[in-house]
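Here are my notes for when you look through this one. Keep the viewer open and follow along point by point.

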Amino acid sequence: MKIAVARETRDGESRVAMVPELVGKLTELGYDVAVEPGAGQPALIADDDYEQAGATVEEGALHGADLVVSVQPLSTATIRTLPAGTATISFLPTNQEPDTVRDLRDCGVTAFAMELVPRISRAQSMDALSSQALVAGYRCAIVAAGMLRRFFPLNMTAAGTVPPAEIVVLGAGVAGLQAIATAKRLGAVVSAYDVRAAAAEEIRSMGAKAIELELETLEGAGGYAREMTEDRAARQRELLTPYIANADALITTAAVPGRQAPMLVTGEMVEQMKPGSVVVDLAAETGGNVEGSVPGEVVRIGNAQVWGGRNVPSQMPGPASRLYAQNVVNLVTLMTRTASEEQDPAFAPDFEDEIVAGSCVTHDGTIRHEPTRIALEGESA
Ligand code: NAD
């Protein structure tokens, strides 16, 4: 029974799917753990650390593995080397990577996607969307504080009083709440808005002011936001304009599952911000909450510097890897049959389990995830 930890190959990916501290959890379950050389290096983890934790580090680590774990999907070349029946666990954005899904299907790989782990209480410890959003939210607030050329906190000194920075956060899910908490800890005055009714209370519980707009709330399935009509989006932008014009820093984290990020702030709205103001758009990679933001770049719009997020969790690879690896260990534990007097331990996912079934994209040469199957093979396939 072998688990292999792949070296990430995608541009800009610094995380690794397993950390030395958690190798012991896998060996306790009965796995041999093999790591590709240098897999941890971008996250500042040395090969020696994996070896001391009980893993082997070898170039052919993936050979003979029952399960390969990674953060990003494996490359086509790697997928094609895997024998049918091998399982993979990684992020796998099926709508953006149809060719990867086809490869996994055609090679008979059993692929699980971390973003498809159902967001139910029992699966909270496996929820990598949340763990990585936590890292991204923290990072957003730190980036804003670093770029803003003024204090976040109020300073009262013998030389006079410097008022605190005013921060506006749009989108108060996992990342937004963490951005709020971090900006509050740094002493800023924070206001936030989210379309979900439940968000106002969560915003207040972080010590921030909930911006209340005279608009219907947009609660969708599973406690997520629904997509806005263009009319409502325009009205929301109009009502938010004065809050944004008054902000020293704006942080946007709004998303609607499976859709392009909603455009919440036009270039015109940014142009009304004060000299020296800062905008941090966490959603830049999925279309952007802010018109004109560019993933991985800082652009100037009017008086503001606009920072576009690009693989933001990867900018803090140590803690992001640690949290992701814990999510992976919890999912692998669920999928492992423990040893007993009658049987050996085995990697044996139970497809009757809601979490296993929900996160499975391909198995036995078929696409199991219904929306992906329909998108790639059509209704009648
Ligand atoms: P997300 O990343 O999909 O979206 C981020 C936030 O953007 C959400 O709060 C959403 O309401 C908000 N948003 C969308 N459109 C907006 C708009 N037009 N204007 C302003 N805000 C907008 O969401 P997420 O952070 O992954 O989680 C959202 C919800 O799911 C939260 O209530 C969270 O607590 C809940 N959740 C539950 C579980 C669980 O039960 N296991 C796990 C994680 C999250």
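1. Start with what a contact is: two residues are in contact if their C-beta atoms, placed from the backbone, lie within 7 Å. Helices (H or I, at least four residues) and strands (E, at least two) are DSSP runs, numbered from the N terminus. Residues are numbered from 1 along each chain, as its sequence is written. Do keep in mind that this is a predicted model: local features need pLDDT of at least 70, side-chain atom pairs count only at pLDDT 80 or more, and totals for chains, interfaces and linings use all residues.

2. Now try those contacts on helix 5 and helix 6. From helix 5, Ser-130, Ala-133, Leu-134, Ala-136, Gly-137, Tyr-138, Cys-140, Ala-141 and Ile-142 take part. Their partners in helix 6 include Val-174, Ala-175, Leu-177 and Thr-182. By class, this contact has 12 nonpolar, 5 polar and no charged residues. (Ala, Val, Leu, Ile, Met, Phe, Trp, Tyr, Cys and Pro count as nonpolar, Asp, Glu, Lys and Arg as charged, and the others, Gly among them, as polar.)

3. How do helix 5 and helix 6 cross? Their axes come within 7 Å and cross at roughly 40°. Axes here are lines fitted to C-alpha atoms, for helices over the stretch in contact, and angles run from 0 to 180 degrees between N-to-C directions. The two helices are therefore oblique to each other. For the wording, angles under 35 degrees count as roughly parallel, over 145 as roughly antiparallel, 65 to 115 as roughly perpendicular and the rest as oblique.

4. Helix 5 (residues 128-147) also packs with helix 10 (residues 317-334), at an angle of about 165° and with the axes 9 Å apart. That makes helix 5 roughly antiparallel to helix 10. Ala-128, Ser-131, Gln-132 and Val-135 in helix 5 meet residues of helix 10, among them Pro-319, Leu-323 and Tyr-324. The contact has 6 nonpolar, 3 polar and no charged residues.

5. Helix 10 has another partner: helix 1 (residues 20-28) packs with helix 10 at about 5°, with the axes 10 Å apart. That makes helix 1 roughly parallel to helix 10. Leu-22, Lys-25 and Leu-26 in helix 1 meet Ala-325, Gln-326, Val-329 and Val-332 in helix 10.

6. Last, the domains: the assignment gives domain 1 (2-116 + 335-371) and domain 2 (134-315). Such bounds come from an automatic or database domain assignment. Between the domain centres, taken over C-alpha atoms, there are 35 Å. 5 residues of domain 1 are in contact with 5 residues of domain 2.
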